[in-house]
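Here is a short report on one protein model. It goes from the overall fold to single residues.

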Amino acid sequence: MSQENNIKKKITPQSIFLIGNPNSGKTSLFNAITGERHHVGNWPGVTVERLEGLTHTKNGDIFITDLPGTYSLSPATPEEGVVLTAIDEAAHGSVLNVVDSTNVIRNLFLTTQLIEIGINPVISFNCYDSFTQQGGHIDLQKFTKLTGCEIYPTVGRTGKGVSSLVEYLAKREKSEIEAKENSALSLPQNWLNAAKEAI
């Protein structure tokens with residue numbers, strides 16, 4: 001039996017999808033979460049790498065899919081097209097949005113797009129050691145209150161902060177996955193009404 005089949009037989013309902021900008025440290029975080037227990041293949045129909053892995057926690061196993069790096073949900077490359085195609089599937093699991101803390105403004109454009117389409121991601125502020133060494137500071141509690149997203153500072157390269165993040169992902173309830181209606185990034189009601197009329 002192939003390694004791919006062995007991994008897929010162990011998939012649990014708790015599936016986690018990693019999404020973030022290129023060079024955000026996403027794959028380093030993936031390796032820190034899975035302990036490099038991963039399978040590499042291609043997405044169906046395209047020569048874009050598919051990285052999948054399994055990790056064990058006291059709250060159950062979680063299956064991780066590392067989506068290709070993308071700057072937005074408007075596909076301009078085959079890699080970004082794969083991410084957009086996978087969003088429907090990702091919406092039924094947990095989305096872990098990896099944000100490079102040292103380039104937070106650019107990275108949060110993708111975060112706002114996820115929230116606007118109704119996905120309430122868990123956010124990893126990755127490379128957090130470099131960010132704080134440069135004198136940076138983020139009020140994590142205020143950020144959570146404004147966005148409705150749980151925030152975890154991490155360092156994918158060393159694994160710092162990863163264990164707390166993984167334990168939260170493993171026990172996260174479905175009710176927590178749904179986007180919160182009153183976040184500061186919610187679309188205005190007239191936009192929501194217009195979207196409903198267009199469907």
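## Model and confidence

This is a predicted model. The mean pLDDT of the protein is 79, and 74% of the residues score at least 70. Among the elements, helix H1 (residues 3-9) has the lowest mean pLDDT, 44. Strand S6 (residues 122-126) has the highest, 96.

Two stretches call for caution. Over residues 1-13, pLDDT stays under 50, and the model has 13 contacts there beyond four places in sequence. Over residues 174-185, pLDDT also stays under 50, with 27 such contacts. Where pLDDT is low, predicted coordinates should not be read in detail.

## Overall make-up

The protein has nine helices and seven strands. Of its 199 residues, 44% count as buried.

Take the contacts between residues at least 6 apart in sequence. Of these, 68% join residues at least 24 apart.

## Helix H2 and lysine 26

Helix H2 spans residues 26-34. Its buried residues are Lys26, Leu29, Phe30, Ile33 and Thr34. Seen down the axis of H2, they fall within an arc of 120°, so they line one face of the helix. An α-helix has 3.6 residues a turn, so residues three or four places apart point the same way. Just after H2, glycine 35 takes a positive phi of about 65°.

A polar atom of its side chain lies 2.5 Å from the backbone oxygen of leucine 67. Setting aside residues up to four places away in sequence, lysine 26 touches Leu18, Ile19, Gly20, Asp66, Leu67, Pro68, Gly69, Val98 and Asn126.

Strand S3 covers residues 49-57. Seven of its nine residues are buried, so the strand is largely enclosed by the rest of the structure.

S3 and strand S4 (residues 60-66) run antiparallel, joined by seven bridges. A hairpin links S3 to S4 through two residues. Leucine 54 stands opposite phenylalanine 63 in S4.

## Threonine 70

Threonine 70 sits in the loop between S4 and helix H3 (78-90). Its relative accessibility is 0%, so it counts as buried.

Which residues does threonine 70 contact, leaving aside neighbours within four places in sequence? They are Ile19, Gly20, Asn21, Pro22, Glu80, Val83 and Leu110. Threonine 70 and proline 22 are 48 residues apart in sequence. In space, their C-alpha atoms are 6.0 Å apart.

Most residues other than glycine have a negative phi.

Asparagine 23 has a positive phi, near 65°. Its place is in the loop between strand S1 (15-20) and H2. Its relative accessible area is 75%, so asparagine 23 is exposed.

Cysteine 127 also has a positive phi, about 55°. It is found in the loop between S6 and helix H5 (128-133). With a relative accessible area of 22%, cysteine 127 is partly exposed.

Conventions
Residues are numbered from 1 along each chain as its sequence is written. This is a predicted model: local features need pLDDT of at least 70, side-chain atom pairs count only at pLDDT 80 or more; totals for chains, interfaces and linings use all residues. Side-chain values use heavy atoms; hydrogens and water are left out. Buried means under 20% relative accessible area, exposed over 50%, partly exposed in between (1.4 Å probe, protein chains only). Helices (H or I, at least four residues) and strands (E, at least two) are DSSP runs, numbered from the N terminus. The arc is that of the directions from the helix axis to the C-beta atoms. Contact means heavy atoms within 4.5 Å. Two strands pair if DSSP finds at least two bridges between them. pLDDT is the predictor's confidence in each residue, from 0 to 100. A polar contact is a pair of N or O atoms within 3.5 Å; within protein, one must be able to donate a hydrogen and the other to accept it, and residues adjacent in sequence count only if both atoms are side-chain atoms.
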